[in-house]
Amino acid sequence: MTQRRVHDDEAGEARAPRSSQWYAGDDRDGYIHRAWMRRGLPNHAFDGRPHIAIANTASELTPCNLHLDGVAAAVKQGVWEAGGVPLNLPVVSLGETQVRPTAMLWRNMAAMATEEMLRANPIDGVVLLGGCDKTIPSLLMAAASVDLPAVVVPGGPMLTGHFRGTPLGCGTSTWQLSEEVRAGTLSPEAFLRSESAMVRSVGHCNTMGTASTMGLLAEALGTTLPGVAGTPAPDARLLESAHETGRLAVELVAAGRRPSHVLTRASFLNAIVALAAIGGSTNAVVHLLAIAGRLGVELTLDDVDRTGSGVPLLVDLQPAGRFLMDDLHRAGGLLAVLAQVRDLLDPTAITVTGKPLVEYLDDAPIWDREVIRLREEPLLAEGGIAVLRGNLAPSGAVIKPAAASPHLLTHQGRALVFDSIEDFHARVDDPDLDVDADTVLVLRGCGPRGYPGMPEVSNMPLPAKLLEQGVRDMVRVCDGRMSGTAYGTVVLHVAPEAAAGGPLAKIRTGDVVVLDVPNRRLDVDLPDDELAARAPAPAAVAAFAAPTRGWERLYVDHVQQADTGADLDFLVGSSGDAVGRESH
């Protein structure tokens, strides 16, 4: 008969390991659970020591996570060393560059599947391995919902690639170079030659895209070993940190320290400060809102604007700046950034170590003040993501001023409306297109329901005729998202989306759109009664997604809007780790 070890939770209450519910006892059920795991596990694996799952998103179809099996091996060593039993648990992996129509369609599915597997299996804690955009958010949503002790190891960015002696920012350079090809200033042959130079190593995008942003915000939230986020994927120190994280996972179980203890409102507000200071991706907004929703933590778009608006942008990194992620790491990393804005952080927020995040900022110097700016010498005085409201976005929209053209942040222009992404592609390069540099490009039908899944299409390529004239930015408005590696004066996440009855469905080509970022406004210059009386455009409605089966049907029927995180309505909140019935 196996013995039960007793651990303490954060409240000081003694409890047996959760896995003992499966393995303890000499009855038939205990026999079955132990016997089927005896494929190399020693007898003492069932003596009550903690069983730690490694939720592993490694996949050859998720190129950014290709190396995570090696990271998992290092985690395993740390778990064994600390007296635990590590168990690899492959989970749904979403390759941002590969899956169609968009990885965001399956973020909630990945979170739900991971949550269910964590709850259903005999585990006491979990190490979450993610890198590519949706993997860390989905893992944190799952961990928050099941509330087992959990810690993240971010997979880390790739090394910098070079082409013709110039650094290439993964993603950002793609958008830049492809526009130059369309403008006729770069040959297609040269563009294709840069392809093999851009991705130099394993790891996710090396710009401040969504993957880098969410890895850093996982640390700002307190869910990683402090100092690990942003470590380049090929760096041996990532494996060292993974080993230490395996040890920490065992300690988390012994202490009973759960996501609900770490992921508090204070943690989320600190993450918003970090998001502004690093110039992070707009996609982080929907992910932070969704993770908070799984915990019942009050967090709104207004918190994003209010908390981030006065924070200086301190990191000079593409797409808002010049450098790349391995530069940020050598310059001091996230902790060096946060040390500059320490007074804006809530000191009560703790990390998975049990210590407050701010305690790790006492010795966090900046080693390169070009990459990480001093508080007094910021790249921009305000780096936060701005939340806009108005008669075009009653529930809100977002824009990243740091990636926009300053002269376009206050702008009005005649709308050119596209009813779907197909409509856009069919017309954008028409030489007879009625468009000029002041026109506002409007794309609808790209929200959570309408596409479905809210794809990264909002940074619409500019019309070819304007590129040839030297135009490189225009105001663009969409109910979808854009890659965190992208740039431009792009208003995103318009809510409600067109497919959910939002005003975006009623706007017409020729209407005047007014953007006023300093005053946080997005409006169409129409009387309220005229806008209300309009019917949605028939062509837009005809293009909205109408799935009849499978996940897409479930998603469209239950997805919420971007302003609350685009989670499914029945997944909001936590269900805990209890499993009421036996399987045999």
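Residues count as buried when their relative accessible area is under 20%. The legends below describe close-up views of a predicted model.

View A. With a relative accessible area of 16%, cysteine 205 is buried. Cysteine 205 takes part in no disulfide, and the nearest cysteine sulfur, which belongs to cysteine 170, is 3.7 Å away. A disulfide requires the two sulfur atoms to be within 2.5 Å.

**View C. An aromatic pair of two phenylalanines.** The model contains 3 aromatic pairs. In one of them, the ring centres of phenylalanine 418 and phenylalanine 424 lie 5.0 Å apart with the planes at 80°, so the pair is edge-to-face. Phenylalanine 418 and phenylalanine 424 are both buried.

**View D. The largest pocket.** By class, the lining holds 14 nonpolar, 11 polar and 4 charged residues.

**View E. The second largest pocket.** The volume of this pocket is about 410 Å³. It is lined by 19 residues, with Trp175, Glu179, Asn459, Met460 and Pro461 closest to its centre. Helix H6 (172–183) and helix H17 (421–427) are the elements that each give two or more residues to the lining, and H6 supplies the largest share, 5 residues. The lining divides into 9 nonpolar, 5 polar and 5 charged residues.

Conventions:
Residues are numbered from 1 along each chain as its sequence is written. This is a predicted model: local features need pLDDT of at least 70, side-chain atom pairs count only at pLDDT 80 or more; totals for chains, interfaces and linings use all residues. Side-chain values use heavy atoms; hydrogens and water are left out. Buried means under 20% relative accessible area, exposed over 50%, partly exposed in between (1.4 Å probe, protein chains only). Rings of Phe, Tyr and Trp (its six-membered ring) pair if their centres lie within 6.5 Å; planes under 30 degrees apart count as stacked, over 60 as edge-to-face and the rest as tilted. Ala, Val, Leu, Ile, Met, Phe, Trp, Tyr, Cys and Pro count as nonpolar, Asp, Glu, Lys and Arg as charged, and the others, Gly among them, as polar. On a 1 Å grid over the protein atoms alone, a cavity is a set of points where a 1.4 Å probe fits but cannot get out, and a pocket is an open set with protein on both sides within 12 Å along at least five of seven lines; lining residues have an atom within 4 Å of a point. Grid points are joined across faces, edges and corners, and a volume is the space filled by probe spheres set on the points. Helices (H or I, at least four residues) and strands (E, at least two) are DSSP runs, numbered from the N terminus.
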